[in-house]
Amino acid sequence: MTGLIAFREIVLKVHSRCDLACDHCYVYEHADQSWRARPKVISPEVISRTASRLAEHARDHALPSVTVILHGGEPLLAGTARLRLVCEEFSRALSGIAALDLRIHTNGLQLSTRYLDLFAEFGVRVGISLDGDRAANDRHRRFADGRTSHPLVLAAVALLRSAPYRHLYQGLLCTVDVANDPVAVLDALVELDPPRVDFLLPHATWETPPARPDDAPDAYARWLLRIFDHWERLGRPVPVRLFESLLSTLRGGPSLTESLGLAPTDLVVVETDGSLEQVDSLKSAFEGAAATGFNVFDHAFDQVAAHPGVRARQLGLAGVSDSCRRCPVVRSCGGGLYTHRYRERNGFDNPSVYCTDLRELVDGVEGRTAHRETAPQLSDPAELARSQEELTRILLARLNADLAGDPDWAHAWELVAAVERTGGAGADALDAVLDHPFTRTWVLAALDAAREGRTGGAEAARRLTALAAAAVLRGGLDLPAEVAYRDGEVYLPTLGLLRLGEPGTRGRASLRVTEDGYVVRDGRSEHRFGPAAGDARWQPVRTWSPGPDAAPVALEDLDPYRNCFPRPPRLRLGAGETEEWRGRLDRAWALLHKAVPGFARTAAAGLTTLTPLAGGPRAGGWGEAGRSGPGALGVPYAAGVRETALALLTGRRRTRLRALTEVTDLYALDGQWQHPSPWRSRPVPVSRLLADVHERVAVEAYRRATAGHEPGGSDRIHEALDRLSAAAELTVTGKRLVAELRYELKAVDA
């Protein structure tokens with residue numbers, strides 16, 4: 001069957017009865033009472049058949065690992081012999097097919113060394129249910145005669161924490177009760193030093209709502225936020241899965257729990273009689289809610305995966321109610337646990353019965369952490385530059401790993417390492433060369449070629465030796481700098497193009513630094529080149545300054561990797577063309593500083609390289625961002641002053657946004673969200689809408705200042721910002737960026 005999501009987690013009911021009488025238990029106290037008709041203990045036949053079915057499923061779907069959770073009732077009531085059989089059968093069946101992760105969820109009352117020795121033998125990790133301190137735990141987790149279970153659970157945890165068994169300690173599961181003291185609950189759990197704590201909302205539906213002692217619709221959110229605040233004050237002493245899931249989704253990452261987020265379910269339940277069921281919590285909804293009609297003897301897991309009830313929990317955004325799809329926190333809360341959405345008149349097509357709680361909880365966690373979770377690159381240009389520099393080095397290291405076995409590449413890499421080892425001026429020179437925007441273009445192209453098997457290391461090594469040589473010359477280093485050339489020339493990044501022969505010729509040449517320039521030796525001949533040499537074979541990179549206090553910007557019309565923009569670059573400009581272009585750039589920059597000085601200063605920050613592009617300005621006059629480092633910008637050479645100014649402005653906005661998205665998460669792209677756009681005929685993903693707004697705020701400011709105001713332009717931007725503010729896929733950093741855009745637009749409208 002196609003389109004099925006494989007089950008990676010099996011809940012195996014090894015015993016259907018319990019030695020406690022918890023009054024909040026969904027198995028015994030809620031709507032579905034099917035446990036009464038099932039065997040108390042799982043049979044060897046069910047164990048063996050389930051193990052075979054799981055192995056078959058793992059093999060068919062090429063699963064690297066599967067998790068089997070031993071559950072109940074109380075699974076320890078099955079006894080060590082039956083649990084050993086489970087461990088042996090599943091280990092045997094999965095051997096050579098997939099890694100097996102065995103776990104058990106228990107109330108801990110029966111836990112002893114004989115169980116833990118068995119679990120140590122098979123690597124079974126143990127999770128224990130405990131609702132907090134004695135007062136909290138005794139509120140629900142009691143024996144049938146009303147006696148407390150708390151001391152026995154503490155003894156079980158103490159045994160599990162002891163030296164021989166500590167590695168089996170998986171964590172504690174705590175069911176929330178707002179009548180308990182949240183601070184005391186967390187303190188009691190933290191005192192037991194668990195590897196993880198899970199806080200679980202009590203199972204409830206719209207037909208059987210959760211208890212709310214004060215009738216407050218956000219009582220559970222307020223209780224959990226008090227836990228969160230205390231957890232923060234304590235320095236997050238233990239992982240809390242609920243909170244870590246929220247923090248993950250707010251950063252654009254995945255949900256870490258079934259009860260939150262939009263990740264598809266990948267779990268199936270096997271009852272003691274071999275029945276295959278959906279997630280166990282559905283027993284809280286109505287009699288038979290979890291049933292599929294399948295069993296391990298007659299049906300494969302793929303048949304369960306195709307069941308409509310299972311598929312309904314694999315639809316992501318499309319699987320939640322309409323009101324949830326329009327909610328800005330849906331990616332974090334996921335509409336809540338599927339069971340908690342149930343209402344008799346329309347099934348599960350509802351928000352969670354905890355909807356208000358979940359909204360308040362997500363907003364509360366975001367409000368408390370946004371200042372820390374917002375990526376510093378958004379507000380700190382220096383941090384953004386450092387992150388981009390680090391990204392180039394990471395990509396270069398990855399390329400080295402791909403090509404390390406090639407002798408040409410290895411030799412070139414050693415030249416770079418030798419420059420790095422000199423420190424001081426040499427290391428600074430190497431940084432300048434590596435930070436050249438088209439170094440990134442080359443690295444990305446070389447990575448593509450290496451992975452597709454289109455070329456070996458020789459071609460990539462040519463550029464790397466040129467990089468090393470450029471660093472040697474820039475740093476004035478007394479190091480050998482040998483370069484390979486083809487077509488009679490070699491480009492030295494950031495410096496210029498050196499012609500060493502006729503077109504079509506290949507060879508090697510050595511370079512060195514002199515007091516007044518550079519010297520190249522090719523075979524038996526040697527000649528000077530560089531800024532003062534006056535050698536026609538040397539074409540230096542020209543520069544332009546956007547202002548008296550600004551760093552020079554390279555006018556890059558030589559680098560072979562400048563061909564990375566949506567339109568082709570111009571060939572080498574003549575001397576007269578260069579002066580003419582510099583004049584246009586001067587006038588365009590002056591216009592920007594007069595019309596939109598704040599935007600102009602931002603555009604100047606980090607600009608290192610301008611490449612003249614063929615053709616005139618496109619509609620709107622946008623500048624071109626390429627597949628390069630963030631300092632580069634392509635500008636149409638034939639554009640007039642006003643179009644060049646707009647190209648500089650919009651191009652820099654594009655490169656800044658691209659640079660941010662390369663090193664931070666502004667939005668998640670794991671859903672099918674589409675948003676109406678005021679400028680486009682069809683809905684667009686949030687990335688496109690954000691990019692449009694990011695550019696158009698600056699364009700609106702420019703047009704207003706130059707008497708070219710577009711009627712309704714500001715209104716459309718406000719409309720798009722409103723849609724972005726409600727976009728569930730934006731991260732906290734993305735939301736902060738939207739807030740900055742609102743502030744910019746407010747200044748424009750003032």
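Colleague: Is Arg642 buried, partly exposed or exposed?

Modeller: This is a predicted model, and in it Arg642 belongs to helix α22. The relative accessible area of Arg642 is 44%, and since buried means under 20% and exposed means over 50%, the class for Arg642 is partly exposed.

Colleague: How far apart are the C-alpha atoms of Arg642 and Leu591?

Modeller: Along the chain, Arg642 and Leu591 are 51 residues apart.

Colleague: What share of the residues in the protein is buried?

Modeller: The protein has 25 helices and 20 strands, and its C-alpha atoms fill a box of roughly 100 × 60 × 50 Å along the principal axes. Of the 750 residues in the protein, the buried share is 54%.

Colleague: In which sense do strands β2 and β3 pair, parallel or antiparallel?

Modeller: Strand β2 covers residues 65-71 and strand β3 covers residues 99-106, and Val66 stands opposite Leu100 in β3. From β2 the chain passes through helix α3, residues 79-94, to reach β3, and this β-α-β crossover is right-handed. Over 6 bridges, the sense in which β2 and β3 pair is parallel.

Colleague: Which residue in β4 is the bridge partner of Thr106?

Modeller: Strand β4, residues 125-129, pairs with β3 in the parallel sense over 4 bridges. The chain goes from β3 through helix α4, residues 113-122, to β4 in a right-handed β-α-β crossover. Within β4, the bridge partner of Thr106 is Ile128.

Colleague: Where is Gly73, the residue at the end of the peptide bond from Gly72 that is cis?

Modeller: The peptide bond from Gly72 to Gly73 is cis, and its omega is near 20°. As for its place in the chain, Gly73 is found in the loop between β2 and α3.

Colleague: Is Asp559 buried or exposed?

Modeller: Asp559 has its place in the loop between β18 and α20, and its side chain makes a polar contact with the side chain of Arg463 at 3.0 Å. The relative accessible area of Asp559 is 0%, and because the cut-off for this class is under 20%, Asp559 counts as buried.

Colleague: How many charged residues are in the lining of the second largest pocket?

Modeller: This pocket has a volume of about 1,200 Å³, and 48 residues line it, with Ala605, Gly606, Pro630, Gly631 and Arg652 lying nearest its centre. Several elements each supply at least two residues of the lining, including α15, α21 and α22. The lining divides into 22 nonpolar residues and 16 polar ones, while the number of charged residues is 10.

Colleague: What is the phi of Asp193, which is not a glycine?

Modeller: Asp193 has its place in the loop between α7, residues 182-190, and β6, residues 197-200. With a relative accessibility of 36%, Asp193 counts as partly exposed. Although Asp193 is not a glycine, its phi is positive, with a value of about 50°.

Colleague: Which loop holds Thr494?

Modeller: Thr494 is not a glycine, and yet it has a positive phi of about 75°. In the chain, Thr494 lies in the loop between β11, residues 489-492, and β12, residues 496-499.

Key: Residues are numbered from 1 along each chain as its sequence is written. This is a predicted model: local features need pLDDT of at least 70, side-chain atom pairs count only at pLDDT 80 or more; totals for chains, interfaces and linings use all residues. Side-chain values use heavy atoms; hydrogens and water are left out. Two strands pair if DSSP finds at least two bridges between them. A crossover is right-handed if, with the strands pointing away from the viewer, the path from the first strand over the helix to the second runs clockwise. On a 1 Å grid over the protein atoms alone, a cavity is a set of points where a 1.4 Å probe fits but cannot get out, and a pocket is an open set with protein on both sides within 12 Å along at least five of seven lines; lining residues have an atom within 4 Å of a point. Grid points are joined across faces, edges and corners, and a volume is the space filled by probe spheres set on the points. Ala, Val, Leu, Ile, Met, Phe, Trp, Tyr, Cys and Pro count as nonpolar, Asp, Glu, Lys and Arg as charged, and the others, Gly among them, as polar. Buried means under 20% relative accessible area, exposed over 50%, partly exposed in between (1.4 Å probe, protein chains only). A polar contact is a pair of N or O atoms within 3.5 Å; within protein, one must be able to donate a hydrogen and the other to accept it, and residues adjacent in sequence count only if both atoms are side-chain atoms.
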